[in-house]
Protein chains: 2
Amino acid sequence: MDPYAPIGIFDSGLGGLVMTKAFRKAIPDADFLYLGDTLHVPYGPRSAEAIYGFTQQAVEYLFGRGCPLVIIACNTASANALRRLQQTYLPTAYPDRRVLGVIVPTIEAAVASGHDNIGLIGTAFTIKSGTYEDELHKLNPNIQLHAKATPLLVPLAENNGIQYAEPVLRDYLEPLVDAGIDTLILGCTHYPLFLEAIRSILPPHVSIIAQNEVVPPKLVDYLRRHPEIKDRVSKKGTLKALLTDVTSTYQNTGEALLGEVMVFEKVELE
Amino acid sequence: MDPYAPIGIFDSGLGGLVMTKAFRKAIPDADFLYLGDTLHVPYGPRSAEAIYGFTQQAVEYLFGRGCPLVIIACNTASANALRRLQQTYLPTAYPDRRVLGVIVPTIEAAVASGHDNIGLIGTAFTIKSGTYEDELHKLNPNIQLHAKATPLLVPLAENNGIQYAEPVLRDYLEPLVDAGIDTLILGCTHYPLFLEAIRSILPPHVSIIAQNEVVPPKLVDYLRRHPEIKDRVSKKGTLKALLTDVTSTYQNTGEALLGEVMVFEKVELE
């Protein structure tokens, strides 16, 4: 019997490595297995059907590699596929296959902050899906959400373009500031990379919710409440990282986002 | 017998529609069939293996739809796959299947301009492949080529970001201007969209080679020299456009690049 049963982390590309770094810090003894779909990144502009197909295949693959728990770190994939995948892997039928997203824990953190005029930035698909709005209003129908698609941020992050982001961010954030938001959710794994520029543009009283800060404590809490999952996770503190396409640029960017040396292994999902 | 035998135009996404518009103007009576691989766009950052797989599948599909001639409008795909595909479809074995790229005709136009200090901008893959350099030095080994990867331009073009391009272009073009180029090749189908900003940054004596200007006359000339291909092409002046993924944004961007109303039809290649 293979005792390797890591927590799977799926992302459309490399952005989820920022979250992975935070997960490892929060749960240092757990094994983690990262899968980035660099063959198909970015997901944000694609159709619902395309995003679901890619996500379903990747999650299935991670279960096949022994993960008792898979976290969809990508907001676009979470917005599109999480509910459907959770219906597919019902705990009653698959007690050893859990899949979680990042949107609900992010919203819980935003609501807990006590503010009620929330701004959201994300990819074209994440915003158009309305998932954040639906989940937010389940918790509290009186909270206002002002959502803005910010499709240039992922390409800027992935092509050494962060230094060009300020005028882009200024245009994206202006309507949210004008709407009087008191909180801004960064609804994409890449966006913490723009934190400094975003902070400089927003009025000082606006709180920023970054997923690499708010989601890891939620995972710790989830595992505490679900010992049947926690006990299945193997605990040697390792990280393996798989990509569906590997180039030297992906290699370098991946190590920079993760903040450590890493050999990215190429895998074929089909 | 189906008489529909259009000229196939393949591109990794929507950028090839700029070229398609120019081809139709140059050869208005020919039928054209456009195929954009929007399910996998952008190709620029991906591995050679991934780009070849996508390109081979698309070209095969266009032949299957009756095209006697397929033009790979995407520079990244041309740089990667053209030679290998031309070896696969040797005229002796496949007299009714020709595949052409955009790099050699572009270089011929640059060399014909009589200048000898040529700059080139393109995607990460196009530049790293060295294809432009190899082809240029076959024609004239004394010409200097200064090549610069400009990976942010495609995402800026595809996400309504052209207005943010100037500082990015300034940084990209500065080393080429410092190297004393007298000509600049725009080595990507999207780049004519940045023509105005590029013109304002380059010194006035630097010539700009835009593929939507120089490639169509080369195709007219090719068809004149190859009546056996020209005669196979059906001539009702129609254009059909296929995409591997369709969204409302792709639909709107596609029509804007093409400059006419178009119904983009979704196709599955596998």
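## Basis

This is a predicted model, in which local features need pLDDT of at least 70, side-chain atom pairs count only at pLDDT 80 or more, and totals for chains, interfaces and linings use all residues. Residues are numbered from 1 along each chain as its sequence is written, while chains are lettered from A and ligands numbered from 1 in the order in which they are written.

## Chain A

Chain A has twelve helices and ten strands; helices (H or I, at least four residues) and strands (E, at least two) are DSSP runs numbered from the N terminus. Along the principal axes, its C-alpha atoms fill a box of roughly 60 × 40 × 35 Å. The radius of gyration of chain A is 18 Å, which agrees with the value near 18 Å for a compact globule of 270 residues. That radius is taken over C-alpha atoms, and the globule rule is 2.2 Å times the number of residues to the power 0.38.

Of the 270 residues of chain A, 53% are buried. A residue is buried if 20 or more other C-beta atoms lie within 10 Å of its own, exposed if 12 or fewer, and partly exposed in between, with C-beta atoms placed from the backbone. Among contacts in chain A with a separation of 6 or more, 79% join residues 24 or more positions apart; a contact requires C-beta atoms, placed from the backbone, within 7 Å.

## Contact between the chains

Chain A contributes 20 residues to the contact and chain B 19 residues. On the side of chain A that touches chain B, helix 7 (153-158) and helix 8 (165-178) are the elements giving two or more residues. That side has twelve nonpolar, six polar and two charged residues. Here Ala, Val, Leu, Ile, Met, Phe, Trp, Tyr, Cys and Pro count as nonpolar, Asp, Glu, Lys and Arg as charged, and the others, Gly among them, as polar.

The same surface serves both copies, as 95% of the contact residues of chain A recur in chain B.

## Helix 12 of chain B

Helix 12 of chain B (residues 248-258) has as its buried residues Thr249(B), Tyr250(B), Thr253(B), Gly254(B), Leu257(B) and Leu258(B). Seen down the axis of helix 12 of chain B, these fall within an arc of 150°, so they line one face of the helix; the arc is that of the directions from the helix axis to the C-beta atoms. On the other side, Ser248(B) and Asn252(B) are exposed.

The buried residues of helix 12 of chain B pack against helix 5 (124-129) of chain A, and against helix 1 (16-26), helix 7 (153-158), strand 9 (239-243) and strand 10 (264-266) of chain B. Just after helix 12 of chain B, Gly259(B) has a positive phi of about 75°.

Methods
Contact = placed C-beta atoms within 7 Å.
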